[in-house]
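Colleague: I would like to go through the labels on this model. For each one, tell me how you know that it applies.

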Amino acid sequence: MDEDPRPPRRMDRLRREIRRRGYSPRTEESYARWVVAFLRFHKMRHPDEMGTAEVSAFLTDLAVRRKVAPSTQNQAHAALRFLFQELLGRALVEEVPRARQGSHLPTVLTRAEVTAVLTRMRGVHELQARLIYGSGLRLMECCQLRVKDLDLARGEVMVRQGKGRKDRVTVLPMTLKLPLRDQLARAREQHEADRKGGAGYVALPGRLREKLGNAARSWPWQWVFPATRIYTDRETGERRRHFLHESTLQRAFHHATLEAGLTKRASVHTLRHSFATHLLEDGV
């Protein structure tokens, strides 16, 4: 789904309202895509001319014709509810259908299967995968990890604004302390080179950029797993590094499962389920 070719003011207002409420950049992009899809489905009619009936028709089309997953339909529903209720000030009536997700058991790898996959990964992706399994992190929690949230001395990882926008502390395996120390050393060397070249900035959550001054260029706020390229932020003009994109880890993990000959349908998130299951097996 592409950007809305119609007046940008509407989408700008939507994005500003999402940011004002402290939603994540991923939620912003998701909501914007669904609003664009909804408007295109109804031939670019103005939202003021539409309501519950049009939302219901769009969600029904997603489920019946496009056969999307219940979670996808519910994501679209949340985006449109935000558009009407928060931006336009009009509540949708409860007849709007919401998909129900059936219960299913998550895929769990045995310890031997986890070892078989991890030993076939290399470099930073291997370290990320081992951290996800060893600390029970979600994919984006690992990718968006900042230097200040790693406590190698105490063996802890602080997860900021995880699922449900909650903070939590989790364990850091002893075996990962040295590899993480090496990763931090490489990241710091890269960061210092960026600073000398006029870059060295990262995006900060919410309004912290205004409150913390130069924090966006300080070492503690840098990503543990920075991207390989620098980009220029359109709003601030800052030359920043993003975190290493999650798709690169997903691809590396998928290739490793194929090389390991796994018959189970496993994703990076499977490592988190396996982490929890193995702790239970150990009596934790």
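Colleague: What makes α8 stand out in the lining of the largest cavity?

Modeller: α8 gives the most to that lining, with four residues. Helices are DSSP runs of H or I with at least four residues, strands are E runs of at least two, and both are numbered from the N terminus. This is a predicted model, where local features need pLDDT of at least 70, side-chain atom pairs count only at pLDDT 80 or more, and totals for chains, interfaces and linings use all residues. Residues are numbered from 1 along each chain as its sequence is written, and side-chain values use heavy atoms, without hydrogens and water.

Colleague: Why is a space called a cavity?

Modeller: Because a 1.4 Å probe fits at its points, on a 1 Å grid over the protein atoms alone, but cannot get out. The structure holds one cavity of 30 Å³ or more. About 60 Å³ lies in the largest cavity; a volume is the space filled by probe spheres set on the points, which are joined across faces, edges and corners.

Colleague: Which residues line the largest cavity?

Modeller: Lining residues have an atom within 4 Å of a point. Among them are Ala187, Gln190, His191, Asp194 and Trp219. By class, the lining has five nonpolar, three polar and two charged residues. Asp, Glu, Lys and Arg count as charged; Ala, Val, Leu, Ile, Met, Phe, Trp, Tyr, Cys and Pro as nonpolar; the others, Gly among them, as polar.

Colleague: How do you know whether Lys43 is buried or exposed?

Modeller: Buried means under 20% relative accessible area, exposed over 50%, partly exposed in between (1.4 Å probe, protein chains only). Lys43 is at 72%, so Lys43 counts as exposed. Lys43 lies in the loop between α2 and α3. Its phi is positive, about 60°, although Lys43 is not a glycine.

Colleague: And what makes Lys67 exposed?

Modeller: Its relative accessible area is 65%, so Lys67 is exposed. Lys67 sits in the loop between α3 and α4. Phi of Lys67 is also positive, near 55°. Most residues other than glycine have a negative phi.

Colleague: Why is a set of residues called a nonpolar core?

Modeller: Because its members are buried Ala, Val, Leu, Ile, Met, Phe, Trp, Tyr and Cys residues joined through side-chain atoms within 4.5 Å. The largest one has 45 residues; Met121, Leu131, Leu180 and Phe225 have the most contacts inside it. α6 gives the most to this core, with five residues.

Note on methods
On a 1 Å grid over the protein atoms alone, a cavity is a set of points where a 1.4 Å probe fits but cannot get out, and a pocket is an open set with protein on both sides within 12 Å along at least five of seven lines; lining residues have an atom within 4 Å of a point.
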